[in-house]
Structure formats: structure tokens, C-alpha cells
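Please keep the sequence and the model in view while reading.

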Amino acid sequence: MAPTTNLALINLFIGDIQGGLGPFLGTWLAESASWSPARVGFVVTLVGFGTLFLSGPFGALVDRFPRPRLLIALACGAILAGTLLLLPARSFPAVLCAQLLAAAGGTLLLPAVASLTLGIVGKDRFPAQQGRNQAFNHIGILVAAGGISLGTGYFGPAIAFWVLGGMAVAAIGATLTTPAGAWNRRRAVGWKEDDADEPERSGLRQVLGNRRVLVLTVALTLFNLGNGGMLSLLGQKLVATAADATTWTARYVMVAQLVMVPVALFAGSLADRRGRRQLLMVAFAVLPVRALMSGLIDDPVWLIAAEVLDGVASGIVGVAVPVVVADLTWGSGRTQTALGSVNAVQGVGGALSSWYGGLSYGLFGWTGAFLALGVPALVALALVIWLDATPEAGRRRRRRERRSPVVQEA
């Protein structure tokens, strides 16, 4: 089996497990332990902020420890163990510890899979492969959601545990059967593969203090501040304005995931031809339009169009961010450290999004709340337009260089 096939299977199986039980956690705790929404939300918030502090260190671990297959297997094992520990858990400390273990595994997965991918295909093929990775990731989420939906009527809410456990075991199998020789440590960080000496890694301050990395991080944080809580706010709006809000919310999730599959593939192929910056501009420009539609439209059928835009924006960001971070840090030996740090900071925006949306609703009502969620994306778009977030040459510049090639100094 080709190593890229293993990559596809790994991403297929980890698609649903990265967040542990995710949206099914609240349902399980409410039904099995009679937890209130406030108590569930408090645990989720604590876990979310706790894992933010792990993202950067885990990225550094991936850069330093040349065993991405082992790290992926350990991460999947932690997710599986943390999720199974939830089965008997009823007390707040037990649920919190189990969720922290599962969330820590999910946090480690992202940089470990990125490192494995780079070490197998190299940087030149990374954008297209990242697009395929994300496409299979979203397919995995759809398969798991479908299995849970069909199995709940027969096995009850505990089916979510068994689906997640099966996918975690399958992900470990796909990881450990990846040919060990297919991954090259130097290829994964941008060092020459035939050099005997190992280059010195760049300083943390030099990598994380890079102006373009900082601009990208701020822009992504603003994007997540607007995007993270929008679907949740839309679900709350449907409770007040339409019937069967839960069913419609589930449909919106499915629609967004279905759209992300072709968008991820398309974004991966366009990353080199059109440029990463242009892809980010499209993603950031789509969110304010989605916010406007969500605020002005009350009919749940027409709101499907807004969630199509969600699929477009999220599908592009999932592909573009690891590629851009690799561009900005290539050869430094700290690519995954930077990716983990960027993910940590942008996660703050996502964690605050629901609070920001709820506060905006209290001040401005439904329409004003959605418009307020769209504002940070406009600022993010302005940042990326004002300052290139990637070092790649634009199309016009590349054409000029082909017409009048410049001889570089030796």
C-alpha cells in the first residue's frame, strides 16, 4: 500500500475523533448523569482553554521527536482512553480529567499528522496532499455522524463511544502500517536530505516573532472569533423563530461537511496555481456574507445557503493554514512548533466566539449579533490584503521573473 494511501486512511479515521465525543458529550451527560447545559458548557470551556496551553509545546515535541507515527498512535490511544473513561464518569472531576486526556490527544494529532505528511510527500506536494487529507477528514466526520445517527435507535446514546473507539483503533492500525522508510526527518522540516550535519534550529523568538506569522495569527484569531460561535447562535435563533431547531442544526452540520470535501480538494490544487494568500482572502470574505444571510433570513430552508458558505470558508482554512505556516517557517526546524502556537492563539478567538455572539445578541438582537460576528472577519481580510501573509511571489511577479530572469549571487 502506498504511503499516501495510509495518509488518506489516517485522516479518514481521525476525522471524528479529534475532539473526543465533541457535540455528543452534552447529550450523553444530560441523559446519563442529568447534567445541566451550564455544567456541560463549563467543562467544555475549561477543557478548551486547557488544551490551548498544550498546542505549542506539543508542536515543539513533534519537531524534536522524530517518530510521528508513534506520536499519532499515542494521541489516538489517549483519545480512546479518555473517551472510554467517560462511560462510568458522573462526577465533575472525573468528567473533566477524562475530557482533558481526550482533548490532549486531539491537540497532539494535528502537528503530528502534518509532520508525517511533510516527511512523506515533501513541501512541493504538501498543498495538494493537505487538500486530500482534509477531504478524507471531512468524509470521516460524515461517516461517523451517519453511523451514530443510524445506531442510536438500536443501541442508545452509547453508540457514540463505540463508533469513536472503532475509528481510533482503525487510525492506529493505519498509522502503524505506514512504511517507516517513507518518512524522512529532513524532508519534514526543509533540511537537505543528503547533508551529514544537522543544521541548527532557528530560535523560537525568530520564528514566532516573524511579522508575517504574527499577521497570519491575528487574522486567524479574528476569523475564529466570528466563525466559532456562529452555528451555535444560529441554532439558538432557530429555537426562537422556527420549529425543530435540533434537526435543522444537524442538517446544517452535514451540509457544511459535505461542502468541505470538494472545497478542500479544490483548495489543495489551487494553492500553488493561485496562491495561498488569495485562498485566505476568499475564506475571510465569505464569513461576513454568511453572517449577513444568517442575520437577515429566518426561513431554515434558505439558511442552508449560509452553511454552504461555512463549508467554503472552513474548508479553505483547514487546507491553507498548515501550508502557509510551512511556507513561513521552512528550514527553521520549528514548523510544527509554529503551527501549534498559531493554533493555540487562534483557538482563543474560537473559545470567545460564543460569548461574543451572546453578548452582541443582548445588545443588538439577532440581526445585530450576526453582523457583529462578521466584523472580525472583515478586519482579518483587511490585514491579509494590507500585508502579504505568505512569502510566495504573486502571479504578476512570477511572470516578470520568467520574462527577465535574475541571476542570483552564488
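Gly165 is buried, with a relative accessible area of 11%, where buried means under 20% relative accessible area, exposed over 50% and partly exposed in between, computed with a 1.4 Å probe and protein chains only. The model is a predicted one, in which local features need pLDDT of at least 70 and side-chain atom pairs count only at pLDDT 80 or more, while totals for chains, interfaces and linings use all residues. Residues are numbered from 1 along each chain as its sequence is written, and side-chain values use heavy atoms, with hydrogens and water left out.

Gly165 belongs to helix H7 (residues 159-176), helices being DSSP runs of H or I with at least four residues, and strands runs of E with at least two, numbered from the N terminus. Between Gly165 and Leu84 there are 81 residues in sequence, yet their C-alpha atoms are 8.0 Å apart in space.

Leaving aside residues up to four places away in sequence, Gly333 touches Asp63, Val189, Trp191 and Arg201, a contact being heavy atoms within 4.5 Å. The C-alpha atoms of Gly333 and Ser202 are separated by 6.6 Å, although the two residues are 131 residues apart along the chain.

Two leucines can be described in the same terms. Leu70, in helix H4 (residues 68-84), is partly exposed at a relative accessible area of 40%, and Leu292, in helix H13, is also partly exposed, with a relative accessible area of 40%. The table gathers the sequence and C-alpha separations of these residues.

| Pair | Apart in sequence | C-alpha to C-alpha |
|---|---|---|
| Gly165 and Leu84 | 81 residues | 8.0 Å |
| Gly333 and Ser202 | 131 residues | 6.6 Å |
| Leu70 and Ile172 | 102 residues | 9.1 Å |
| Leu292 and Leu371 | 79 residues | 5.9 Å |

## Helices H1 and H6

Two packed helices are described by the angle between their axes and the distance between the axes. Helix H1 (residues 3-14) and helix H6 (residues 126-155) have axes that come within 6 Å and cross at roughly 40°, the axes being lines fitted to C-alpha atoms over the stretch in contact and the angles running from 0 to 180 degrees between N-to-C directions. The crossing of H1 and H6 is right-handed, that is, the near helix is turned clockwise from the far one by less than a right angle. On the H1 side the contact involves Thr4, Leu7, Ala8, Asn11, Leu12 and Ile14, which meet Gln129, Asn133, Phe136, Asn137, Ile139 and Gly140 in H6.

## Aromatic pairs

There are 2 aromatic pairs when rings of Phe, Tyr and Trp (its six-membered ring) are paired if their centres lie within 6.5 Å, with planes under 30 degrees apart counted as stacked, over 60 as edge-to-face and the rest as tilted. Phe223 and Phe284 form a tilted pair, at 5.4 Å centre to centre and 40° between the planes. This pair links distant parts of the chain, since Phe223 lies in helix H10 (residues 211-227) and Phe284 in helix H13 (residues 276-296), 61 residues apart. Phe223 is buried at a relative accessible area of 2%, and Phe284 is buried at 0%. The rings of Tyr361 and Trp366 have centres 4.2 Å apart and planes at 35°, so this pair is tilted; Tyr361 counts as partly exposed at 37% relative accessibility.

## The chain as a whole

The chain has 16 helices and 0 strands, and 52% of its 410 residues count as buried. Among contacts between residues at least 6 apart in sequence, 82% join residues at least 24 apart.
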